[in-house]
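Q: I would like to go through this model with you. Could we begin with the overall fold and then turn to individual elements?

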Amino acid sequence: MAKKKPIAIVVHGGAGPDSDHIHENRQGYQKGIQEAVDAGYKILEEGGSAVDAVEAAVIKLENNPLFNAGRGSALNANGEVEMDAAIMRGDDQASGAVALIRNIRNPISLAKAVMLNTKYRFLGDMGALEYAKKIDIRMEPSSYFITEHQFDAFSKKREEEFTSSDRIGLDELNARMHGTVGAVALDRDGNVAAATSTGGTENKKMGRIGDSCIIGVGCYAKNSTCAISGTGDGELLIKNIVAYDISALMEYKGLSLQKACETVVLERIDPDKGDVGVIGVDREGNIALVFNSDRMHRGWKTSTKQYGVEIYQKKKK
């Protein structure tokens, strides 16, 4: 009897500074990550594609108000929600991305539709919304996306910037709260895929686009190397082209997935500049979860019996 090929899924719910809110809702965060892992792994176990698995995992997180994507999205400076998402598959490197979208219940599904059903790779703002209406993507009223926690965070951020901008730099303020959700997967056919979705940062300038929807930055997949989903300080990930850099180190220098992730996140990026985290998988079923911040909500499950859910750095023995 032929040995089954490996399958694996890894998800993240954002990397960044610690907070009282995370401690108060720790069980809820862990449960949400677990549900995302289970949703994606079930598809892989049944022979489904890596693309469908990462979409299913991210949908779970987009529907969970604790995470900064979909329903729990941050509010921009106008008190509105603008969401970004991207998805990519590793066999032919097809991809789809959307930016600055509103009222779409699951931005990752719209990004997937762009990848599968259009000649384009990236749709934004009203064009993306018009396409979503055309293909009957599920929509919700604006009130659906605004949670009490995000409204409180928005109000506090506005107050901080109004009263303290003379003594607290905007870069420092922006680093206090950011989040993204994402997933990477390997299916039975040896294909990898990555997906990333975000609600942006609190009180961001209207029209600001972060790393999550940029292929090669917050999302990348190539069968011969890896699938990567990034999180953290968006501008820092963009500057360092993080996801592609990891793949390139594997392709051109022969580094392992783990070493490539560590090189980019822990060696090339100064932690004093901002928070960065990545999750990855290669076609052998190896996984990586690397971050330089206080925490990264993360979970994983593989056919080689690796399994877990964590928020904080593991304590060294």
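Q: What share of the contacts with a separation of 6 or more comes from residues 24 or more positions apart?
A: Such residues account for 67% of those contacts in the protein, where contact means heavy atoms within 4.5 Å. This is a predicted model, in which local features need pLDDT of at least 70, side-chain atom pairs count only at pLDDT 80 or more, and totals for chains, interfaces and linings use all residues. Residues are numbered from 1 along each chain as its sequence is written, and side-chain values use heavy atoms, with hydrogens and water left out.

Q: What is the mean pLDDT?
A: The mean is 89, and 89% of the residues reach 70 or more; pLDDT is the predictor's confidence in each residue, from 0 to 100. Over residues 162–177 the pLDDT is below 50, and this stretch has 16 contacts in the model beyond near neighbours in sequence.

Q: How many helices and strands are there?
A: The protein has 11 helices and 12 strands. These are DSSP runs numbered from the N terminus, helices being H or I with at least four residues and strands E with at least two.

Q: Which strands make up the open sheet, and in what order?
A: The open sheet has 8 strands in the order β4-β3-β2-β6-β5-β1-β11-β12, with mixed pairing. Two strands pair if DSSP finds at least two bridges between them. β4 and β12 (307–312) stand at the edges with a single partner strand each, so one side of each has no neighbour in the sheet. From one strand to the next, the twist averages 5°.

Q: How do β3 and β4 run, and what is the bridge partner of Val-98 in β4?
A: β3 and β4 run parallel and are joined by 3 bridges. Val-98 has Leu-123 as its bridge partner in β4. α5 packs on the sheet, touching β3 and β4, and its direction makes about 100° with that of β4. Axes are lines fitted to C-alpha atoms, for helices over the stretch in contact, and angles run from 0 to 180 degrees between N-to-C directions.

Q: Turning to α4, how many of its residues are buried?
A: In α4 (residues 107–117), 9 of the 11 residues are buried, that is, under 20% relative accessible area with a 1.4 Å probe, protein chains only (exposed is over 50%, partly exposed in between). Among the elements that its buried residues pack against are α3 (50–62), β2 (83–89) and β3 (95–101).

Q: Which residues have the most contacts inside the largest nonpolar core?
A: They are Ile-9, Val-11, Ile-87, Val-98 and Leu-110, in a core of 50 residues. A nonpolar core is a set of buried Ala, Val, Leu, Ile, Met, Phe, Trp, Tyr and Cys residues joined through side-chain atoms within 4.5 Å. α3 gives the largest share of this core, 7 residues.

Q: What about β9, and which strands does β9 pair with?
A: β9 pairs in the antiparallel sense with β8 (residues 226–232) over 6 bridges, and 5 bridges join β9 to the antiparallel β10 (residues 287–291). β9 and β10 form a hairpin with 5 residues between them, and Gly-285 in the turn has a positive phi of about 90°. In β9 (residues 276–281), 6 of 6 residues are buried.
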